[in-house]
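This briefing covers strand pairing, the nonpolar core and selected residues of one protein model. Please read it alongside the sequence and coordinates.

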Amino acid sequence: MYNPSFSICIPNYNYGKYIGKTIESVLNQEYDNFEIIISDNCSNDNSIEVIESFNDPRLKLLKNNYNIGYSGNLTRVTSF
């Protein structure tokens, strides 16, 4: 069982052109005992495709069925 020492929580909404670089930046760190949790707030750009293109077991994607607002998405990603 994977037991990360900390979580990096990223709320996302229509940041497809930035989210890939964000994920790459985190994954390129020397320390690797972490998880990345991304909560997508029903984006209508290519965010999901970009996020799903990363094949790393430390990456968790939460997909909202509808836009729950910034604070709701922030709460969701930090409560997972």
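The points below are grouped by topic.

The model is predicted, so local features need pLDDT of at least 70 and side-chain atom pairs count only at pLDDT 80 or more, while totals for chains, interfaces and linings use all residues. Residues are numbered from 1 along each chain as its sequence is written, and side-chain values use heavy atoms, with hydrogens and water left out.

**Strands and crossovers**

- Helices (H or I, at least four residues) and strands (E, at least two) are DSSP runs, numbered from the N terminus.
- Two strands count as paired if DSSP finds at least two bridges between them.
- Strand β1 (residues 6–12) runs parallel to strand β2 (residues 34–40), and seven bridges join them.
- Within this pairing, S7 stands opposite E35 in β2.
- Strand β3 (residues 59–63) also pairs with β2 in the parallel sense, over five bridges.
- L59 in β3 is the bridge partner of I36.
- A right-handed β-α-β unit is made by β1, helix α1 (residues 16–27) and β2; right-handed means that, with the strands pointing away from the viewer, the path from the first strand over the helix to the second runs clockwise.
- Another right-handed β-α-β unit consists of β2, α2 and β3.

**Nonpolar core**

- A nonpolar core is a set of buried Ala, Val, Leu, Ile, Met, Phe, Trp, Tyr and Cys residues joined through side-chain atoms within 4.5 Å.
- Buried means under 20% relative accessible area, exposed over 50%, and partly exposed in between (1.4 Å probe, protein chains only).
- The largest such core has 11 residues: I10, I19, I23, V26, L27, F34, I36, I38, V50, I51 and L59.
- Two or more of these residues come from each of α1, β2 and α2 (47–52).
- The most come from α1, which gives four residues.
- In soluble globular proteins, nonpolar side chains tend to be buried together.
- Leaving aside residues up to four places away in sequence, L59 touches I36, I38, I51 and F54, where contact means heavy atoms within 4.5 Å.

**N12, a buried polar residue**

- N12 lies in strand β1.
- The relative accessible area of N12 is 2%, so N12 is buried.
- The side chain of N12 makes a polar contact of 3.5 Å with the side chain of S43 and another, of 3.2 Å, with the side chain of S47.
- A polar contact is a pair of N or O atoms within 3.5 Å; within protein, one must be able to donate a hydrogen and the other to accept it, and residues adjacent in sequence count only if both atoms are side-chain atoms.
- Not counting residues up to four places away in sequence, N12 touches I19, I38, S39, D40, N41, S43, S47, I51 and N73.

**Loop residues with positive phi**

- N14, in the loop between β1 and α1, has a phi near 55°, a positive value in a residue other than glycine.
- N14 counts as partly exposed because its relative accessibility is 26%.
- C42, in the loop between β2 and α2, has a phi near 60°, also positive in a residue other than glycine.

**Cysteines**

- C42 is partly exposed, at 32% relative accessibility.
- C9 is partly exposed as well, at 30%.
- The structure holds zero disulfides, a disulfide being a pair of cysteine sulfur atoms within 2.5 Å.
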